[in-house]
Amino acid sequence: MRNITPGQQKRFSTREVREIMISVIVLSLAFMVMFCRSGSVKNYFEYYLGNIWVIGMFLIMFVLVMLSFVLHEMGHKFVAQDMGYWSEYRMYPMGLFLSLVMSMFGFLIAAPGAVYISGRNISGKDNGKISIAGPLVNMALAVIGIAGCLLLNHSAFVVPFYLLMSLNGSLALFNMLPFPPLDGSKILAWDKKIYFVCLAISVLLFASFWLMPTLYWA
């Protein structure tokens, strides 16, 4: 596959857009099913939305997945393109199916797909920089979620920020694990100091789930 010119305008193929949207819809359903097992989250949507709580909850999950999952993958895609590589997202049908199945048991290890990269031989440094872009997006979103929880506690807006915090804290830590094909394995191979700093940050963000003060939405 030919390299693209560094800094070239970002492009999406029809197939890529279709597979991103399928992944987002399936993941939104999976997270909705999983969070429905949490009485407090389900009660929140029932309290504020009444009979249309299912629609409202799905729309909130859709927005959260667009932010957390799509921006993670676009971090990989755009950094790779800026370096001159071809990059496109491809979904894993079996991974999406397993996500739905796992959500029914109250937990979720999402493996919906990945950004595929090709071009000249990718150096370890380039691979590390491309790989770290995704988890950094999740770390930033988790910080926004934490700030929103602290600033908007005792309001109707605290739950969406709580979901943003918990989802992105989990994604950041999961992707920083040093096992192939996760991002952490490539970052560790590139720069150990950067890896352990990012790992420590992701652990703290994940731990914030338990360190937060009691949150109230009504």
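Modeller: Leaving aside neighbours within four places in sequence, H72 is in contact with L67, G134, P135, V137, N138, N175 and D183. The model is a predicted one, in which local features need pLDDT of at least 70, side-chain atom pairs count only at pLDDT 80 or more, and totals for chains, interfaces and linings use all residues. Residues are numbered from 1 along each chain as its sequence is written, and side-chain values use heavy atoms, with hydrogens and water left out.

Biologist: What makes G134 a contact of H72?

Modeller: A contact requires heavy atoms within 4.5 Å, and G134 is listed among the partners of H72.

Biologist: Why is H72 called buried?

Modeller: Buried means under 20% relative accessible area, exposed over 50%, and partly exposed in between, with a 1.4 Å probe and protein chains only. The relative accessibility of H72 is 5%, so H72 counts as buried.

Biologist: In which helix is H72 found?

Modeller: H72 belongs to helix α3, residues 53–82. Helices (H or I, at least four residues) and strands (E, at least two) are DSSP runs, numbered from the N terminus. The chain has eight helices and two strands, and from the N terminus on its elements run α-α-α-β-α-β-α-α-α-α.

Biologist: What makes the chain as compact as a globular protein of its length?

Modeller: The globule rule is 2.2 Å times the number of residues to the power 0.38, and the radius of gyration is taken over C-alpha atoms. The rule gives 17 Å for 218 residues and the chain has 18 Å, which is close, so the chain is as compact as a globular protein of that length. Buried residues make up 44% of the 218 residues.

Biologist: What is meant by a nonpolar core, and which residues in the largest one touch the most other members?

Modeller: A nonpolar core is a set of buried Ala, Val, Leu, Ile, Met, Phe, Trp, Tyr and Cys residues joined through side-chain atoms within 4.5 Å. The largest such core holds 47 residues, of which F31, F35, M57, M61, F69, L163 and M176 touch the most other members. Helices α1 (14–36), α2 (39–49), α3, α5 (124–151), α6 (158–176) and α8 (192–211) each supply at least two residues of this core, and α6 gives the most, with 10 residues.

Biologist: Which residues does F69 touch?

Modeller: Not counting residues up to four places away in sequence, F69 touches S23, V24, L27, L64, Y89 and P112.
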